[in-house]
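Take a walk through this fold, one element at a time. Keep the structure open beside the text.

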Amino acid sequence: MEGERRQMNIYGRFGVKPVINVAGAMTRYGGTIVGQQVLDAMEEAAHYSVPLDRLQAAASRVIAARTHAEAGIVTCGASHALTLATAACICRWDVAKMNRLPHTEGMAHEVVIPMHHMSGYDHAIQAAGARIIPAGVFNDTPEPLTVRPVDRWELAACITEHTVAIACAPLPGSHPPLEQIIEVAHAHELPVIIDAAPRVPPMKNLHLYIDMGADLVAISGGKGIRGPQASAILCGRRELIGSALLQMLDLAGERFDDWNPPAELIPKEKLHGKPLHGIGRSGKVTKEAIIGLLTALESFTDEEFSALCATRRELLTGMLAHVTGLAGVHVGPDEDGDEYYPMLKVVVDAPAAGIDAMEVARRLKGGEPAIYFEESAVEQGILYIDSLNLQDRDTAELVGRRLRDACGR
């Protein structure tokens, strides 16, 4: 039944074979499989036209209630939320600056980031025209994949008259602690941008960073919240969210004198004119994606999350029956992910198993259908099974059988 369903779906019509994704909400594998309630809401939304500024104002009220922020908007993914957040910090309500982005010559445009918070995702910040200033230095002889902790004074030392924000992607144990980053930024009257794209669940992280004093927070809608893949939340201070929205709206055919934007997000009296297709137009968000994310967010409650986890825990238990007792392979619950969807940790002892974790992953991806595990620790002999996208018992048991076969010598 499961195999037939995979062969007869819409992707087969275009010659593409679906895969089984137990790697989590990986964009490269299509992200999260959204629920029927979200799909139904998006389908209904597609039958109507609606002013996007008014819809975003309605979204702001829903997002603000869940995140404790003053305001919020739906963006086209978390990466684009970071671009809009940066653009808002550079321009505020200056429409002349908005019309110049990403060219920022002659205006403040530097964003300070602690060195070990930096990653390829920072392209999103640079896309707005910002220059990234790394805070901290490497050790004299750094170990691979490690960076010397950054002290708060090093963060403060990077701030100049050209600085518009401090950005970070905090993890447990990162330095400086987020509290100190916020203190340093606010002492210099600078906003703090938080990349929290994959940090929900746990549920508390919807509002944790705002509660701590962050000014702009980006949270993916297409990961643990289970909304549309190309959606995200950007929440924070009202004037910054309004500036971000203004730089995403299509105002080309709107006479400025006749335009009445939602005053709770965009105070028209602060504007000298309208932006001519702002920097955010490259990542415009659809009405269907906004409604889809709002629907997912409203249903993302403690009760719903607990029920989803209970169902997926049961599916993983059934999977375990197929992989118990494998020589050199230990499969059990991942105890480090207790606030996320249930996961299994697969530890492969290569000498005892006669195969290493990398080869197990290759065999799984090379089968039919291809199965993708989470491979961030594969070089340490560890694979993870993320239950986020597990939908039924047949799929779970198929994964278990294929893992057992892949571990065979």
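Start with an open sheet of three strands, ordered β9-β10-β12 and paired antiparallel. Its edges are β9 (329-333) and β12 (382-386), each pairing on one side only. Neighbouring strands here are turned by 20° against each other on average, direction ignored. The model is predicted.

Look next at one pairing inside this sheet. Strand β10 (residues 343-348) is joined to β12 by five bridges, and the two run antiparallel.

Now move to another helix. Helix α11 (residues 238-246) is mostly covered, with seven of its nine residues buried. The buried ones are Leu240, Ile241, Gly242, Ser243, Ala244, Leu245 and Leu246. What covers them? The cover includes the helices α4, α5 (78-91) and α6 (95-100). It also includes the strands β2 (71-75), β7 (216-220) and β8 (232-236).

Follow α4 to a single side chain. Ile63 is found in this helix, which spans residues 52-67. Is Ile63 buried or exposed? Ile63 counts as buried because its relative accessibility is 0%, and the cut-off for buried is under 20%. Leaving out residues up to four places away in sequence, Ile63 touches Gly72, Ile73, Val74, Ile233, Cys235, Leu294 and Leu297. Leu294 is 231 residues from Ile63 along the chain, yet their C-alpha atoms are separated by 7.9 Å.

Definitions and conventions. Residues are numbered from 1 along each chain as its sequence is written. This is a predicted model: local features need pLDDT of at least 70, side-chain atom pairs count only at pLDDT 80 or more; totals for chains, interfaces and linings use all residues. Side-chain values use heavy atoms; hydrogens and water are left out. Helices (H or I, at least four residues) and strands (E, at least two) are DSSP runs, numbered from the N terminus. Buried means under 20% relative accessible area, exposed over 50%, partly exposed in between (1.4 Å probe, protein chains only). Contact means heavy atoms within 4.5 Å. Two strands pair if DSSP finds at least two bridges between them. Axes are lines fitted to C-alpha atoms, for helices over the stretch in contact, and angles run from 0 to 180 degrees between N-to-C directions.
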